[in-house]
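Student: I'd like to learn how to read salt bridges in a model like this one. Could you walk me through it?

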Amino acid sequence: MSDVLVDIRQLTAGFRSQGRTLGIVRGVDLTIERGEVLGIIGESGSGKTVTGLALLRLLPENAEVQAERMVFDGQDLLTLDDDGFGALRGARLAMIFQDPVASFNPAKRIGWHLHTIFTRADEAKARSVATPWRERARAILHDVGITRAEETIDLFPHQLSGGMLQRVLIALILALEPDLIVADEPTTNLDKLVERQVLRLFRDLQRRLSAAIVFITHDMATAASLCDRIAVMYAGQIVEIGRTRDVFEAPSHPYTQGLVRTSLALARGEGGRLAEIAGELPNPSQLPPGCLFEPRCDKAFGRCRVERPEPFPGRHGRAVRCFLAEMEQEPS
Amino acid sequence: MNSKFQIGAILRNRLALAGLAITVVVILAITLGAALMPHSEEDMDFVNLLMPPSLEHPFGTDAFGRDVLTRVLIGGRMSLMISLSAIALASVVGTMMGSLSAYHGGWTDAVLMRFSDLLFAFPSFVLALFLMVVLGFGTPNIILAIALVYLPIFARIARNMTMLIKEEPYVQAARLMGRRPLSIIVGEIIPNFSAPLLVQASIGVAFGIILEAGLSFIGLGVQPPTPSLGSIMADGREYFSRGPWVLTFSGLAISFALLGLNLLGDGIRDLTDPRLRERAAP
Amino acid sequence: MSLSAVDRFLPAVFSGRRWALPPTLRYVFGRILGALLVLLIGAFIVFLTMKAAPGDPSLSALGEQAPPEAIAAFRLQHGLDQPVITQFASWLGQIAHGDFGNSLVVASGRPISNLILSRLPTTAFVGLYALTIAVLSSLVLGTVAAVWRGKMADMVATSIAVLGISMPDFFLAYMLILGLALGLGLFPSYGFVAPGDSLLGALHASFLPALAIAAPMAAVFARTLRAALLEVIRQPYVTTARSFGLSRAFTFLHFIFRNALIPYVTIVGLQVRYVLGGVVVIERIFGIPGIGSLMVDAAFGRDYPLVQACMVTFLAIVLLVNLLVDIACTGLDPRRSR
């Protein structure tokens with residue numbers, strides 16, 4: 001059995017609107033290995049969330065998703081029908097969303113959510129568990145650091161804080177025991193202290209389940225503390241991917257360099273605004289003819305304006321979409 | 001945006017267009033059409049009593065041999081006149097009441113709003129019936145009764161909108177410049193919620209027609225022989241089993257007019273409410 | 001209807017130590033007291049308005065040519081010579097004892113409370129029958145329209161809904177009579193069978209009136225449900241449910257439908273006013289001996305005490321239904337309970 005859990009080639013996704021399709025994801029290649037934590041970094045609108053949703057086929061009806069190849073653990077996802085995909089979700093694939101408060105059914109108690117998930121997990125694993133569900137619920141809430149588990153079970157979602165709900169959500173995922181978890185900015189809405197606790201939980205979660213995690217974030221520091229590899233997304237493309245250390249210590253794409261500079265400046269307590277990369281994402285309906293980053297790039301030259309760079313491979317699975325990286329490597 | 005939703009959006013606009021077209025047709029029919037009819041609504045023809053629809057009388061004749069189409073057109077004019085007057089009265093008075101109440105706040109506002117809540121708790125037809133008893137039967141009193149039933153709805157909209165708008169900087173500025181409250185309300189506040197008022201007025205006219213027809217139908221509204229859509233239907237129910245066309249055609253006429261007004265109201269709401277427009281896009 | 005002013009002052013009454021009730025119960029008690037207060041004020045306003053009405057009730061009861069002595073005796077007997085507030089107080093005192101006074105014109109001399117009590121079950125039966133039809137058909141129509149939105153089924157359901165709103169209920173009643181009673185002979189066109197005598201007979205006899213009242217309501221309900229379902233479908237927790245791989249039926253029932261039920265029930269509660277409005281005319285058309293036809297008779301006869309009593313009864317029904325809907329919504333929506 002290979003170590004590759006997910007293999008995606010040329011994933012594109014967009015939304016149909018007024019007779020046209022607005023592209024959001026433009027040709028993403030991604031392999032995810034078993035048990036690894038892959039960070040996807042990008043500013044909002046870069047297509048990172050859509051990539052995550054497309055992976056679980058959770059995009060709304062007006063989305064258009066295409067790929068040359070989409071394989072999960074040897075199974076071709078492209079030919080899988082909706083029912084077959086539904087069977088994968090919750091059993092082998094799971095997702096954690098940005099807003100924990102909005103992720104819960106407001107009409108049902110926490111206990112109901114846990115009970116529902118236990119039923120789903122047992123059904124997926126084709127097993128029957130003798131332990132009463134309340135006991136299982138208590139145990140799993142303890143696992144995610146909720147001390148007053150017994151009371152929490154009988155509460156409604158609106159009675160819990162965002163941090164607590166994110167813990168419960170992690171408990172639900174823990175119960176499902178999936179092989180791949182897509183976490184979409186799970187700590188963005190939390191304050192710093194709670195964020196650190198939740199991140200620690202993620203590390204535990206990953207260790208206990210030995211699941212692969214796709215951790216979507218806009219925060220370099222968070223990604224660095226958690227991820228084995230990092231993919232930087234810009235305007236629907238992965239502009240740089242590689243081992244976390246490599247990407248951080250020697251960012252190769254001008255955009256990554258900017259992100260690292262910003263994050264270091266923030267860590268030193270300097271005003272983040274100053275170090276931020278000027279400009280904004282290109283309008284999806286008016287893309288520049290050459291490199292998508294060219295209008296904001298301070299190192300752009302003639303070729304960048306007419307030709308779009310392809311990913312240029314480097315050592316340890318590194319790939320960079322930039323002519324500069326290609327030129328630096330070529331002489332050797 | 002979803003392509004399916006787009007079909008819905010176009011269709012909804014088309015429906016609004018259809019509503020406008022129906023309303024225009026109805027207005028033309030009860031003004032020009034009624035004037036062009038060869039018969040008079042009071043001409044009795046004792047040879048052709050209760051005749052089924054024919055080329056001569058497309059909606060048939062009633063028990064006095066009167067042409068039903070002519071009566072429906074003249075009666076429709078009466079019904080629309082009553083409803084329009086009532087809604088005009090209700091919208092002007094209700095809007096002013098609601099706006100003034102919200103602008104000044106305090107206990108007047110509280111009392112007025114409790115009172116409108118109370119009026120809301122009565123079934124509208126029952127309230128109209130009660131008001132007819134209190135005011136006495138007769139056409140001017142129908143207008144007054146319908147206006148009173150619909151008044152709290154306008155007052156409520158005006159109050160809620162004024163509450164929101166009165167904190168806007170331009171209203172504050174007008175206040176600081178020393179403009180009188182009435183001038184601020186009429187000049188700055190009310191124009192800002194004309195769209196919901198228009199929607200409510202269009203639905204309100206439909207509602208007023210139904211109330212009038214209901215009151216006249218049970219005999220408490222417009223009195224025969226004056227035709228209104230309700231009184232024609234009341235006539236028609238007397239001999240419904242022998243000549244169902246009288247009631248059927250007058251009822252279809254009223255439904256047609258209401259369909260137009262309802263579609264128009266929905267259409268204006270879709271076009272003017274940005275919140276709803278956003279909602280159409282997932 | 002909003003009773004927020006009442007709410008604001010009621011919890012203070014109950015927050016003392018002596019009233020250590022559970023919050024839900026306290027809430028319900030507050031609601032009941034609030035409704036009673038509104039009923040009281042409503043009754044007073046009805047009473048005052050009635051007093052302002054033109055015409056002399058003694059004249060309408062005794063006839064225009066009644067001798068002055070008879071009128072004076074009548075006024076004395078009915079306390080009409082007292083100040084308005086005294087009259088209201090004594091009227092209120094009587095109501096508190098279940099005594100609405102005697103009917104002046106309709107069923108002359110009969111106690112009004114008797115009249116109302118004998119008519120109330122009929123109206124309640126027809127009203128509930130109509131409500132049941134409206135709710136059941138709107139659940140189907142609204143769900144179909146939302147699930148297959150933009151498709152043929154949605155167009156059909158939406159069209160039915162718009163047509164339903166545009167047809168006055170009394171016109172629909174006659175169309176139903178024309179088609180199903182006179183044409184096909186499936187249902188009677190007139191008359192009422194008490195459910196106590198034969199439930200099936202009653203359901204059969206009242207089908208057309210109930211359907212006529214139900215149709216416009218069903219249209220409104222279906223539109224509400226459709227909009228609510230489409231709103232809920234877009235909520236993130238529905239995507240979460242899908243990400244858990246929960247079955248489509250389970251997700252629809254427990255996530256989508258369950259949450260759309262809250263606005264739906266609210267609208268159903270608000271529409272009860274229209275049901276009761278429809279009842280008045282429809283009862284008259286089908287000759288159903290309910291509160292509605294009683295009120296129309298009273299209106300024609302200028303039987304003021306009876307009109308008054310009918311108004312208060314209608315107000316009480318609406319307030320009661322509002323109360324029930326409010327409690328139901330609090331149960332349905334945990335965010336609303338305090």
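Tutor: Side chains of opposite charge can pair when their charged atoms come close. Here B:Arg156 forms a salt bridge with B:Asp117, with the closest N and O atoms 2.6 Å apart. The two partners come from distant parts of the chain, 39 residues apart: B:Arg156 sits in helix α5 (residues 139-165) of chain B, and B:Asp117 in helix α3 (residues 106-121) of chain B.

Student: What counts as a salt bridge?

Tutor: A side-chain nitrogen of Lys or Arg has to lie within 4 Å of a carboxyl oxygen of Asp or Glu. Bear in mind that this is a predicted model, where local features need pLDDT of at least 70, side-chain atom pairs count only at pLDDT 80 or more, and totals for chains, interfaces and linings use all residues. Side-chain values use heavy atoms, leaving out hydrogens and water, residues are numbered from 1 along each chain as its sequence is written, and chains are lettered from A and ligands numbered from 1 in the order in which they are written.

Student: Is B:Asp117 buried or exposed?

Tutor: Buried means under 20% relative accessible area, exposed over 50%, and partly exposed in between (1.4 Å probe, protein chains only). B:Asp117 is at 3%, so it counts as buried, while B:Arg156, at 21%, counts as partly exposed.

Student: Which residue does A:Asp246 meet in a salt bridge?

Tutor: Its partner is A:Arg243, at 3.1 Å from N to O. A:Asp246 is buried at 18% relative accessible area, and A:Arg243 counts as partly exposed at 36%.

Student: And what about A:Arg9?

Tutor: A:Arg9 pairs with A:Asp7, the closest N and O atoms being 3.4 Å apart. A:Arg9 is partly exposed, at 30% relative accessibility, and A:Asp7 is buried, at 11%.

Student: Which residues are linked in a network of salt bridges?

Tutor: A:Arg34, A:Asp73, A:Arg92 and A:Asp179 are linked that way. Over all chains, a search of the whole structure finds 38 salt bridges.

Student: How many helices and strands does chain C have?

Tutor: For chain C it's 14 helices and 0 strands. Helices (H or I, at least four residues) and strands (E, at least two) are DSSP runs, numbered from the N terminus. Buried residues make up 48% of the 338 residues in chain C.

Student: How should I read its contacts?

Tutor: Contact means heavy atoms within 4.5 Å. In chain C, of the contacts with a separation of 6 or more, 70% are between residues 24 or more positions apart.
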